[in-house]
2 protein chains.
Amino acid sequence: MQPSHESQPTRPWPAVMHDALAARFGSRLSTALAVREQHGRDESPFDVAPPEAVVYAESTEEVAFVVQLAQQHRVPVIPYGAGSSLEGHLLAVQGGVSVDLSRMNRVLSINPEDLTVTVQAGVTREQLNREVRDTGLFFPIDPGANASIGGMAATRASGTNAVRYGTMRENVLGLTVVTASGEVLRTGTRARKSSAGYDLTRLFVGSEGTLGVMTEITLKLYPLPQAVSAAVCHFPDIASAVNTTIQIIQMGVPIARCELLDSNAIRAVNRAEKMALNESPMLLMEFHGSEAGVKEQAETVQDIAAEFGGLAFEWASTPEARTRLWTARHRAYLSGLQMKPGCRAVTTDACVPISRLAEAIVDSVAEVEASGLPYFIVGHVGDGNFHVAYLIDPTRPEERELAEQLNHQLVQRALRLEGTCTGEHGIGLHKQGFLVDEAGAGAVALMRDIKRALDPHCIMNPGKIFQP
Amino acid sequence: MQPSHESQPTRPWPAVMHDALAARFGSRLSTALAVREQHGRDESPFDVAPPEAVVYAESTEEVAFVVQLAQQHRVPVIPYGAGSSLEGHLLAVQGGVSVDLSRMNRVLSINPEDLTVTVQAGVTREQLNREVRDTGLFFPIDPGANASIGGMAATRASGTNAVRYGTMRENVLGLTVVTASGEVLRTGTRARKSSAGYDLTRLFVGSEGTLGVMTEITLKLYPLPQAVSAAVCHFPDIASAVNTTIQIIQMGVPIARCELLDSNAIRAVNRAEKMALNESPMLLMEFHGSEAGVKEQAETVQDIAAEFGGLAFEWASTPEARTRLWTARHRAYLSGLQMKPGCRAVTTDACVPISRLAEAIVDSVAEVEASGLPYFIVGHVGDGNFHVAYLIDPTRPEERELAEQLNHQLVQRALRLEGTCTGEHGIGLHKQGFLVDEAGAGAVALMRDIKRALDPHCIMNPGKIFQP
């Protein structure tokens, strides 16, 4: 029901292109199959689609060189960060060259007095937070994986913390971009706001590499909160946990993180991480603020949770205990995969208005329970965003088909509830049909008009978001 | 030094277009000179440029009808909200039809349980806040003027409160848009975040009517804070007030409003509003939160202000006193104009990274003081955004030239300080040269590529942002 990448024709890979890249990059050009295969996959269940070559770029100028050459020869260019995307973004479905940005990993300037930082696209979020720690600031966007900042910008990522600090949409101030013609542009400034012309920054953020390659990114930073506290709270059922979340948000509690794990996810985490969490639906919450503010938030939330049958809060009172809890949360996906040896996950990413979240989750749980397919659920429920991971045996097409059917039902429900088919993962290869269902053919046609205007020969990550 | 609208050729106004509009709109079509002149100006010092006709639309379908007709006849379409823009956005520099949206003033749906509201574009911000008041929610974006929500979206407006709640960029969830072909599209959903394709919502927000007409807008709402307190604090000089602001922001105090008035602005307000404020540079601040949170914020800010020589806070302890203060602030612009009878104001709108704000303001004050031109300054300084209003006699070209020269120096300084030429007013006619200075010719060329792709015959508010 979703378009397959197997139908896309691979474009020619001219020897002259290879030779020009070899002359410029030497050993930083690779055509080894293992390297190509590593760059032709991501965390999605799609089969690998290797590029013809991989280039390890070390500067914006080198990226521009590759793109200019690719433009001249009409060869696809696929930017590659940390390989952690989930919707097939990195697959070289039409061949071409993968531009690995992982060596562009310098933090270029930290401006603590303005709460901004400028990084190269290959910097990962964990590295960034290590490098800014001494300033008393941090970068909150946390999609779980140790993704690259470029990849996070490209997919408009969010994750935990977004409920309080926003997503990449709100936190990118400016970009250096190599456009499809190989020109280097800068968008935005270091000012916190601007009304200067079209919002090119927001156009590139979330464009999944289809409009250009982001090479440098200026981000907002935030003061490390004076006080942080984290707690888990268990509930008799998933609806109670979700209804607690709904009321937290409706009351305007400035909670920093509000994550749901269902009992399957907790069971997986307990097993993989040797933890002993109660295996009933759980909210994992974090509060940021002053000592008094955090205390006040926590009291309000405890009252709400108690109304919905939540058990007593279990506090992570030390930074080490907190880290342990969040590490478990971040490993939930990989832990979940271990529940069914050899499986892959088809992962949903719906996001709905907060008042519809209980309906969206509870009905989807009923469907997957009825199907018999193993699954687990995690969610950034404070945003109305949740993920069902359907565990399939990739050698059994009927399981993939069943998972896709469940995903389809879940997405159509989210759209009926005025939500979106993807809260944070992007469209990639997997959700192109859903994008049309959600935005309408007219809006997708307008996106294609923009694509055609900015990349007339469709060399920038072709076949992603929509078919060329 | 800035492009003049007088050089633009007026396009033909076919009788058949007029007749078709008359048949559909009857008395809601006007070609009376007074009506046309009213729609061919805004609050900028530009001379009036009346459209050929004004249509009062009452639905999205009617707007689509006008645009389809205009597309057929290659006639410019200029959306008109409340007429409060400041950069010449509404001037019919190439003729055409002004589509007055003020009768599209219905609040279509309030969803308090999701903190969202959908309005027609002609709803004003004061009306919106009246209509949602009973829900315990409010819409924070406040540019001062009682602007229409459509106009605020079109210019990416912000104003007071943006330091805490963001600008229109962060607070528009979705749009109904009539594109240049007359098609009706919907962008976004009611979910708080999405990664579904290009961010068309953010592309239309701030596009100043040049890509389509926004007719319906879905916005975020916020719970009315449990406690609100407002205070003024006077300082020995403008630098001390600005340095206080810088430290408030750097410490991460979640202040809701942080406004600067210089002594000229205060003098004007005292005279026009019969107030008795100390006529030295002043910060007007507001704190939102729980009782305890507000108290804590206020204590922190008082300590910072004291360090920089600030006098004791004067609290507006009742809602009435608070309203009186904010009314005075909102009337500062009109009060300022009264200081020089018959004058008009050339208004700047620079926004810089917070650490550069003192330099940006102090050096600009020195220049305008040396020039002898009357002026006043107000600023959303928590955002790094400030406005110098140069008061000119419109009959004396040398005054306008002097004001433009000062504006030029101020903007170039803001750009050197990594800021923007417009924090919230937009480009319009007035800042097209500055846009190129700020974004670079390449980025502006890319904006034009988008314009050409979405509006190939350039009928949507032509001549704004850039020349066709």
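This is a short walk through the structure above, from the contact between two chains down to two single residues.

The model is predicted, so local features need pLDDT of at least 70 and side-chain atom pairs count only at pLDDT 80 or more, while totals for chains, interfaces and linings use all residues. Residues are numbered from 1 along each chain as its sequence is written, chains are lettered from A and ligands numbered from 1 in the order in which they are written, and side-chain values use heavy atoms, with hydrogens and water left out.

Let's start where the chains meet. Here 76 residues of chain A are in contact with 76 residues of chain B, contact meaning heavy atoms within 4.5 Å. The size of an interface is often given as the accessible area lost when the parts come together. Between chain A and chain B, about 5900 Å² is buried, and carbon and sulfur atoms give 59% of that area. Buried area is the accessible area (1.4 Å probe) that two parts lose on being put together, summed over both. On the chain A side, A:K193, A:S195 and A:Y198 supply 17% of the area buried against chain B, more than any other three residues.

What holds charges and polar atoms face to face here? Six salt bridges cross the interface of chain A and chain B, each a side-chain nitrogen of Lys or Arg within 4 Å of a carboxyl oxygen of Asp or Glu. B:R190 forms a salt bridge with A:E418, with the closest N and O atoms 3.0 Å apart. Among the elements of chain A, α17(A) gives the most to the side that touches chain B, with nine residues. Helices (H or I, at least four residues) and strands (E, at least two) are DSSP runs, numbered from the N terminus.

Chain B has a helix α17 too, covering residues 441-454, and B:K451 lies in it. B:K451 counts as buried because its relative accessibility is 6%; buried means under 20% relative accessible area, exposed over 50%, partly exposed in between (1.4 Å probe, protein chains only). The side chain of B:K451 reaches the backbone oxygen of B:T210 at 2.7 Å and that of B:M460 at 2.9 Å. Among the residues that B:K451 touches is A:Y198, from the other chain.

Now look inside chain A, which is divided into domain 1 (5-103), domain 2 (107-223), domain 3 (227-331) and domain 4 (336-436), with bounds from an automatic or database domain assignment. The centres of domains 3 and 4 of chain A, taken over C-alpha atoms, are 22 Å apart. Their contact takes 21 residues from domain 3 and 18 residues from domain 4. Together these two domains bury about 1600 Å², 68% of it on carbon and sulfur atoms. Zero salt bridges are found across this interface, but six residue pairs are in polar contact (both at pLDDT 80 or more).

Finally, visit A:V119, in strand β6 (residues 116-120) of chain A. A:V119 counts as buried because its relative accessibility is 0%.

Technical notes
Polar contact = N/O pair within 3.5 Å; in protein donor to acceptor, adjacent residues only side chain to side chain. Lists of a residue's contacts leave out its neighbours within four places in sequence.
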